[in-house]
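Dear colleague,

Please find below the structure that I promised to hand over. My findings follow directly after it.

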Amino acid sequence: MQKRHVDRFQYFRELAHTSEQYFIPYIKEHLDVENPISILEIGCGDGGNLLPFAKRGHEVVGVDISSSRINGAIAFFKRENLNGKFICADIFRLSGYKDHFDLIICHDVIEHVGNKQELLQKIEYFLKPGGLLFVGFPAWQMPFGGHQQICHNRLLSMLPFFHLLPQRIYKFILSLGKESADCIDELISIKQTKTTIEGFEKLIAGTSFEIINRRLYFINPHYEVKFGFKPRLLIKPLSDIEYLRNFFTTSCFYLLRN
C-alpha cells in the first residue's frame, strides 16, 4: 500500500492536481466551465476531483457510501475555505436532484459497480437534458486493472497482471501474501465487476447516452503527480484493436451526452 492511501490529504491534493490539469481541459472542450454550473461526483471519496471546480465557484455535490471519506471531504474543503456539499449515501437510494446537474463525474467508480445499467439510469435521473457525463476507468486487463496497488504486501502491490489469474489462484496468492479478509473481498469484488473498453461501449449502446469523445491513455494522467510520468495516449492502430488495447490502456476517458 502506498503512502497516499494512508495520508488522505496528500491523496486529496494529488486528485485535485489531476482534475485541474486534465479533467477540466478535457471537459471544457464540450461544456462551458467558465460560467457557473452544477456538478455531481459519484463516488467522490475525499473530494479532490471537485476542488478545482469549487475554486471556480461552481456548485459541487459529492456522494460516497463511505462515511470516513465524506467526513474527510468536508474537513478538507473547510481547510481550503471552499464550499461543497458532501452526502454519505448509496447512490442507488439517493433521491432528489432530478434533472439538476450540468455535469456528472464518475471516475474510477464504474469498475466497482455490479449493476452498471442501473447506475446509468440513476445518472440520467440526476442529469439535466443535454447534460454531460464524464466517465473514467482503468481497462480491466491493464497491468494494475485489478487495483492490486491497495495490497499491504509490497510485492503484491507492485505485481502486474496477476489479477487476471483464475479467481481461486488469485485469492490463494492474496491469502499467501497475508492480505486482510476485507482487502481480499474488495479485490475479488473488483474482479467480478471488471470493466473493459468493449464491455463499457456495449453497455452505453443500450442506453440513451451518446459517446461524444473517447481517450485511451497508455500513461494515465494521474501518473504525472504519482510518478512524474507525462500522460501519453495509446497510439493508433493499437487503440483500435479490440480486446488487445485493454492490456495497454491504463485509463479510459469518456464524455457522454444524454
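In what order do the eight strands of the open sheet lie? The order is 3-2-1-4-5-8-6-7, with mixed pairing. At the edges are strand 3 (85-88) and strand 7 (232-233), each of which pairs on one side only. Please note that the model is a predicted one.

Within this sheet, strand 5 (residues 127-137) and strand 8 (residues 251-257) run antiparallel and are joined by six bridges.

Helix 1 (residues 8-27) touches strand 4 (101-107), strand 5, strand 6 (210-219) and strand 8, and its direction makes about 30° with that of strand 8. Helix 4 (residues 116-126) is in contact with strand 1 (38-42), strand 4 and strand 5; the angle between its direction and that of strand 5 is about 140°.

I also examined F253, a residue of strand 8. Is F253 buried or exposed? Its relative accessibility is 1%, so F253 counts as buried, the cut-off for that class being under 20%. Leaving aside residues up to four places away in sequence, F253 touches F23, Y26, H107, F134, V135, N213, R214, R215, Y217 and P221. F253 and A139 are separated by 114 residues in sequence, while their C-alpha atoms lie 10 Å apart in space.

With kind regards

Note on methods
Residues numbered from 1 in each chain as written. Predicted model: local features only at pLDDT ≥ 70, side-chain atom pairs only at ≥ 80, totals over all residues. Heavy atoms only, no water. Pairing = 2+ DSSP bridges. Helix = DSSP H or I, 4+ residues; strand = E, 2+ residues; numbered from the N terminus. Contact = heavy atoms within 4.5 Å. Axes fitted to C-alpha atoms, helices over the stretch in contact; angles between N-to-C directions. Buried < 20%, exposed > 50% of the residue type's maximum accessible area, 1.4 Å probe, protein only.
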